[in-house]
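Let's walk through this structure together, one neighbourhood at a time. Keep the viewer open as you read, and pick out each residue when its name comes up.

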Amino acid sequence: MKTRFLATICISIVLSSMLNSCSSCSEEKRTSLGSEYGTTEEYFHEEDQNVRSYLPIFNDVETVISTLSKNGIGKLGRWKNDMFGWISMTDYFILNEPSTADKMGNNIAYYLESNTEHCIEELKLVLNINDTSEEQRAIDFFKKTSKKTFESLSLTIPDGLMNSISKGETYNNQQPEFTVAFEVTESNISTYTLSISAETHQQ
């Protein structure tokens, strides 16, 4: 029992020493950052300002919001932080009155998302098909809006994309500056999602 007690004391002393050492290192790091930037918050804000997208148009958030808002499915909201990242979106744009009282109309919306304030990382155009009796009309509208989206960004529509949307087939096309993807997910409804995404880098 005496040996176990002494061993416990020794372990406690070692752990205490390690914790003090780590605390000291963290404090030195905070002090170092503070001396250069004023506060650690200023340091990380400075880093965030230097983040840029490889797709140039994605670095002009307000222009993208303004341009896409003219594509006929509603105005995108302001660029804001929702605690999970930066986002702007339209309300659901209703494409048709439901054919029966127990159904919702088909709807479409834009989403812009990013982990940083200073550029967009991903644009999504999302179609929810709640009313299958109007499915083809909804898909045609989705294709039309997809074309407008590329035109708004001054991007060329990649080969095969429109055909994949028509067939509901998964699509992925990686360009030097961005990636285009399309998929249909099935649950109680069908959801068509077109995404244009781009990696970021430190300027």
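At 26% relative accessibility, Glu 113 counts as partly exposed, where buried means under 20% relative accessible area, exposed over 50% and partly exposed in between, with a 1.4 Å probe and protein chains only. Before we go further, please note that this is a predicted model: local features need pLDDT of at least 70 and side-chain atom pairs count only at pLDDT 80 or more, while totals for chains, interfaces and linings use all residues. Residues are numbered from 1 along each chain as its sequence is written, and side-chain values use heavy atoms, with hydrogens and water left out.

Back to Glu 113, whose salt-bridge partner is Lys 124; their closest N and O atoms are 3.9 Å apart. A salt bridge here is a side-chain nitrogen of Lys or Arg within 4 Å of a carboxyl oxygen of Asp or Glu. Lys 124 lies in strand β6 and Glu 113 in strand β5, so the pair ties together parts that are 11 residues apart in sequence. Helices (H or I, at least four residues) and strands (E, at least two) are DSSP runs, numbered from the N terminus. Lys 124 is partly exposed too, with a relative accessible area of 24%.

How many salt bridges does this rule give? The count comes to 2. Arg 137 forms a salt bridge with Glu 134, and here the closest N and O atoms are 3.5 Å apart. Arg 137 is exposed, at 59% relative accessible area, whereas Glu 134 is partly exposed at 22%.

Which residues does Leu 112 touch, not counting residues up to four places away in sequence? Among them are Val 64, Ile 65, Leu 68, Trp 79, Trp 86 and Leu 123. Contact means heavy atoms within 4.5 Å.

Strand β5 also holds Asn 107, a residue that is buried, with a relative accessible area of 3%. Leaving aside neighbours within four places in sequence, Asn 107 is in contact with Tyr 92, Phe 93, Ile 94, Leu 95, Val 126, Leu 127, Asn 128 and Asn 130.

In the loop between β4 (93-94) and β5 you will find Lys 103, partly exposed at 31% relative accessibility. Lys 103 and Asp 131 are 28 residues apart in sequence and 6.4 Å apart in space, C-alpha to C-alpha. With neighbours within four places in sequence set aside, Lys 103 contacts Pro 98, Asn 130, Asp 131 and Thr 132.

Finally, a look at some backbone angles. Met 83 has a phi near 80 degrees, a positive value in a residue other than glycine. Met 83 sits in the loop between β2 (80-81) and β3 (86-89) and is exposed at 76% relative accessibility. Ser 154, in the loop between α4 and α5, has a positive phi near 60 degrees. Is Ser 154 buried or exposed? At 67% relative accessibility, Ser 154 counts as exposed.
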